[in-house]
Amino acid sequence: MQFGRYYEEFEVGAVYKHWPGKTVTEYDDHMFCLLTMNHHPLHMDAHYAEETTDFGKNVVVGNYIYSLLLGMSVPDVSGKAIANLEVESLKHVKPTFHGDTIYGETEVLDKTPSKSKDDRGVVYVETRGYKQDGLIVCTFRRKVMVPKRSYGETRGGEQPGRPVPHE
């Protein structure tokens, strides 16, 4: 199974539908908030959310949704990446709640060969995340430096660094 793509394999206009989706639990949300020290009561305090917000319940922290979508896209987009160069226009379009299932897809917007090194290029993509009902909740664009096949071939092919089993 392929993990990521070489520069030559990206086509402008292609859309990669990431699979599987992920159902977001209260545990996921709270753990992410605690790990990142985001203790806002909108995410952590059910009573606060019920009594004082328009939503009437906890909202999943947006950076978890972004991180989830970024992770979902790795096997299709950046699994061979040399570097993530830039993230731009991150938009949290609609709220996500505990129990929602997130799906993602990424569209290739542009690609540009490197001007300084002929073994790589930059791919410009937009990732869209949506819930089980198709409602878009998050979008972001990013630029990823990915290798050309020649780069991969000189560094061990599809699974560089993988040891050979022996007894």
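**Reading a predicted chain: burial, cysteines and a surface patch**

Of the 167 residues in the protein chain, 39% count as buried. The model is a predicted one.

Q: What does the C-alpha trace of the protein chain span along its principal axes?
A: About 60 × 45 × 30 Å. Surface comes next. The protein chain exposes about 9700 Å², and carbon and sulfur atoms supply 53% of that area.

Q: How do I read contacts by their separation in sequence? What percentage join residues at least 24 apart?
A: Take the contacts between residues at least 6 apart in sequence. In this protein chain, 71% of them join residues at least 24 apart.

Q: Show me one residue. Where is Leu69 found?
A: Leu69 is found in helix α4, which covers residues 62–78.

Q: Is Leu69 buried or exposed?
A: Buried means under 20% relative accessible area. Leu69 has 0% relative accessibility, so Leu69 counts as buried.

Q: Which residues is Leu69 in contact with, leaving aside its neighbours within four places in sequence?
A: Leu69 touches Ile102, Tyr103, Gly104, Thr127, Arg128, Gly129, Cys138 and Phe140. Take Gly129. Leu69 and Gly129 are 60 residues apart in sequence, yet their C-alpha atoms are 6.5 Å apart in space.

Q: Cys138 is on that list. How many disulfides does the count come to?
A: A disulfide needs two cysteine sulfur atoms within 2.5 Å. By this rule the count is zero.

Q: Are Cys33 and Cys138 buried or exposed?
A: Cys33 is buried, with a relative accessible area of 0%. Cys138 is buried too, with a relative accessible area of 0%.

Q: Now the surface. Which residues make the nonpolar surface patch?
A: Tyr27, Met31 and Leu35 make a nonpolar patch of about 350 Å². Met31 lies in helix α1, residues 26–35.

Q: How do I read the accessibility of Met31?
A: Patch residues must have over 30% relative accessible area. Met31 has 31% and is partly exposed.

Definitions and conventions. Residues numbered from 1 in each chain as written. Predicted model: local features only at pLDDT ≥ 70, side-chain atom pairs only at ≥ 80, totals over all residues. Heavy atoms only, no water. Patch = residues over 30% accessible without salt bridge, like charges linked within 9 Å, V, L, I, M, F, W, Y side chains within 5 Å. Areas by Shrake-Rupley, 256 points an atom, 1.4 Å probe, with all protein chains shown as cover. Salt bridge = Lys/Arg side-chain N within 4 Å of Asp/Glu carboxyl O. Helix = DSSP H or I, 4+ residues; strand = E, 2+ residues; numbered from the N terminus. Buried < 20%, exposed > 50% of the residue type's maximum accessible area, 1.4 Å probe, protein only. Contact = heavy atoms within 4.5 Å.
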